[in-house]
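Here are a few exercises to work through with the model open. Try each one yourself before you read the solution.

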Amino acid sequence: MSLRKKMLALAAPAALLALSACATGFPAQVQRFQAMPAPQGQTFVIQAADPEKRGGLEFAQYANLVRQHLTALGYRESATPDSATMVVELDYGVDDGRERVVARPDPFGYGYGFGYRPFYSRFGYYGRRHPFYWGWHDPFFGPGFGGYDIDSYTVYTSFLDLDIRRTADGQALFEGLAQARSRSNALPTLVPNLVEAMFTGFPGNSGETVRITVAPERERG
């Protein structure tokens, strides 16, 4: 991940990704830098940023979603990697979660969580190419919670990293990072939503950070 992405991830306000019991859809935060050319016959090939994912069935499923979006925009998949004019690198993952504790009722208006657990991904990411190494920390509860009901649940942070570069000279054309918090760590559910968020308004304005809520699949037309 580029330094610019890391700095944006650190600066992103937690409110942008806060869970809401009454919210509908899938809220995500998307950061983009882009110099994408208009579709004029360019061809692409999709590769896994992590070599261990290359050739995997799970990666192929997510890559197919990216392929569908790019072809819908007018770009064409290359017949062979060597003939592609653009290389699309895809990465994704989810952390091991952190506990969130809520007291009910809370006369002070608090709704924060605590018990942060270090980042761990089943894909082996401990800092390389993911935005969660530093973590997002919620404030700690203060004293005086006796007599209140306490609810505890786990919040997971997921990400999708999408980089596109020109094969002729390695020039970067697009750098995108989508992030989300959820109470699920199921990548087959999370990644398609992150892909949808990434390609909403693609390629976007360079340097922008936007919040995008992906509608439930049944509501998409």
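The exercises below cover confidence, a helix pair and an aromatic pair.

This is a predicted model, in which local features need pLDDT of at least 70 and side-chain atom pairs count only at pLDDT 80 or more, while totals for chains, interfaces and linings use all residues. Residues are numbered from 1 along each chain as its sequence is written, and side-chain values use heavy atoms, with hydrogens and water left out.

**Exercise 1.** Find out where the pLDDT stays under 50.

*Solution.* Start with the whole chain: the mean pLDDT (the predictor's confidence in each residue, from 0 to 100) is 77, and 66% of the residues reach 70 or more. Next, look at residues 2–22, where pLDDT stays under 50. Residues 108–145 are also below 50.

**Exercise 2.** Work out how α2 and α3 are oriented to each other.

*Solution.* First, locate the helices (DSSP runs of H or I, at least four residues, numbered from the N terminus): α2 spans residues 57–73 and α3 residues 187–198. Their axes (lines fitted to C-alpha atoms over the stretch in contact, with angles from 0 to 180 degrees between N-to-C directions) come within 10 Å and cross at roughly 20°. So the two are roughly parallel, as angles under 35 degrees count that way. Finally, the contact (heavy atoms within 4.5 Å) includes Tyr-62 and Leu-65 of α2 and Val-191 of α3.

**Exercise 3.** Classify the ring pair of Phe-174 and Phe-202.

*Solution.* Rings of Phe, Tyr and Trp (its six-membered ring) pair if their centres lie within 6.5 Å; planes under 30 degrees apart count as stacked, over 60 as edge-to-face and the rest as tilted. That rule gives three aromatic pairs. For Phe-174 and Phe-202, the centres are 4.8 Å apart and the planes 45°, hence tilted. Now check Phe-202 again: its peptide bond to Pro-203 is cis, with omega near 0°.

How values were computed:
Parallel < 35°, antiparallel > 145°, perpendicular 65-115°, else oblique.
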